[in-house]
Amino acid sequence: MYNTLHTYLTDNILTVTINRPDKLNALNKTVMSELDEVVTEIYLNKEIKGAILTGAGPKAFVAGADISEFQGLSREEGEALAKKGQDIFFRIENAPKPILAAVNGFALGGGCELAMACHFRLCAPTAKFGQPEVNLGIIPGYGGTQRLTRLVGKGKAIELMLTGRMMDAQEALQTGLVNYIIETDELLTKTREILAIIGEKAPLAIAKIIECANLADEGGLGDGFLYEQEAFGECFVTEDMKEGASAFLEKRKPQFKGK
Ligand code: COA
């Protein structure tokens, strides 16, 4: 039993719903450790042939890491936070069974990073994608600087990360971030249909395809992930990060000083 996740196994497909709708399903410590557990369940439970990650409520898939847990983190704690997030998301990306994101609303910051760690993505017409960390005086730390760049190309990725702007579903489709836009009330059904098709194939071949595709994608970016962790940690000792997180929680515009 999970506190922040709702899970449902039917026809060999595990649907995992991140369930903190009042906080737009933000990834706090509990959600992260429960995601870690559910990924282990996906790896080990032979009845599970594929999984779907989605968010509870009408507004959000996941609106990012929980900003209220950022206050007072040291550089080392910031770096450790990024490492933990990256490790869990690597396990999703390297799972031997397909894990798809059904993006039902905002997928921002850690939410966009979570969706990008999945093998591919479907979204509702209302979905919004972005890496708005720059608004808080930090950078993406759960693999976003690396995966966004691979998925949408460097120019688009840098633009999105520097401006912090959101992409709508159409733009996400055009850039290749999502494979399909599906009406909200059909999103889970369609995602299950795709997983059912994959579920009829040879499991060992599925696992190898995922492994090979991940290898093709690597291109020496391992160092990029490590560098991202360190840079994320460094952001946590800046005055601007404290100002950015406080401004979000106090619902005001941040005043950044470059310190
Ligand atoms: N961390 C913690 N709490 C969050 C959150 C996050 N990433 N995203 C949303 N919430 C909380 C809000 O603080 C608010 O809580 P409250 O009702 O107790 O005040 C609640 O979720 C609803 O969010 P709200 O901002 O009121 O909704 P909105 O529709 O006006 O705006 C967003 C939606 C997604 C644009 C806005 O919530 C937002 O910008 N979130 C942060 C996105 C972000 O920077 N993510 C990266 C984090 S590293």
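1. Helices α3 and α4. In this predicted model, the axes of α3 and α4 come within 10 Å and cross at roughly 55°. That angle makes α3 oblique to α4. The crossing in which α3 passes α4 is left-handed. As for position in the chain, α3 covers residues 110-117 and α4 covers residues 144-152.

2. Helices α4 and α5. Helix α5 is made of residues 154-163, and its axis comes within 7 Å of the axis of α4. The two axes cross at roughly 135°, and α4 and α5 are therefore oblique to each other. The crossing of this pair is right-handed, whereas that of α3 and α4 is left-handed.

3. Helices α1 and α2. Residues 29-44 form α1 and residues 75-93 form α2. Their axes come within 10 Å and cross at roughly 25°. Because an angle under 35 degrees counts as roughly parallel, α1 is roughly parallel to α2. The crossing of α1 and α2 is left-handed.

4. The largest pocket: size and centre. The volume of the largest pocket is about 830 Å³. Its lining is made up of 34 residues. Those nearest the centre of the largest pocket are Ala63, Ala65, Ile67, Leu136 and Phe248.

5. The largest pocket: contributing elements. Two or more lining residues come from each of β6 (106-108), α3 (110-117) and α10 (239-249). Of the elements, α10 gives the most to this lining, with four residues. By residue class, the lining of the largest pocket holds 18 nonpolar, eight polar and eight charged residues.

6. At least two lining residues are supplied by each of α3, β7 (120-123), α4 (144-152) and α8 (203-218). Which element gives the most to the lining of the second largest pocket? That element is α8, with six residues. The lining of the second largest pocket divides into 11 nonpolar, two polar and five charged residues. The helices α3 and α4, which supply residues here, are the pair whose axes cross at roughly 55°.

7. The second largest pocket: location. Domain 1 (5-199) and domain 2 (203-249) both contribute to the lining of the second largest pocket, so this pocket also lies between them. Helix α3 gives two or more residues to the lining of the largest pocket, and α3 supplies at least two to the lining of the second largest pocket.

Key:
Residues are numbered from 1 along each chain as its sequence is written. This is a predicted model: local features need pLDDT of at least 70, side-chain atom pairs count only at pLDDT 80 or more; totals for chains, interfaces and linings use all residues. Side-chain values use heavy atoms; hydrogens and water are left out. On a 1 Å grid over the protein atoms alone, a cavity is a set of points where a 1.4 Å probe fits but cannot get out, and a pocket is an open set with protein on both sides within 12 Å along at least five of seven lines; lining residues have an atom within 4 Å of a point. Grid points are joined across faces, edges and corners, and a volume is the space filled by probe spheres set on the points. Ala, Val, Leu, Ile, Met, Phe, Trp, Tyr, Cys and Pro count as nonpolar, Asp, Glu, Lys and Arg as charged, and the others, Gly among them, as polar. Domain bounds come from an automatic or database domain assignment. Axes are lines fitted to C-alpha atoms, for helices over the stretch in contact, and angles run from 0 to 180 degrees between N-to-C directions. Angles under 35 degrees count as roughly parallel, over 145 as roughly antiparallel, 65 to 115 as roughly perpendicular and the rest as oblique. A crossing is left-handed if the near helix is turned anticlockwise from the far one by less than a right angle, and right-handed if clockwise.
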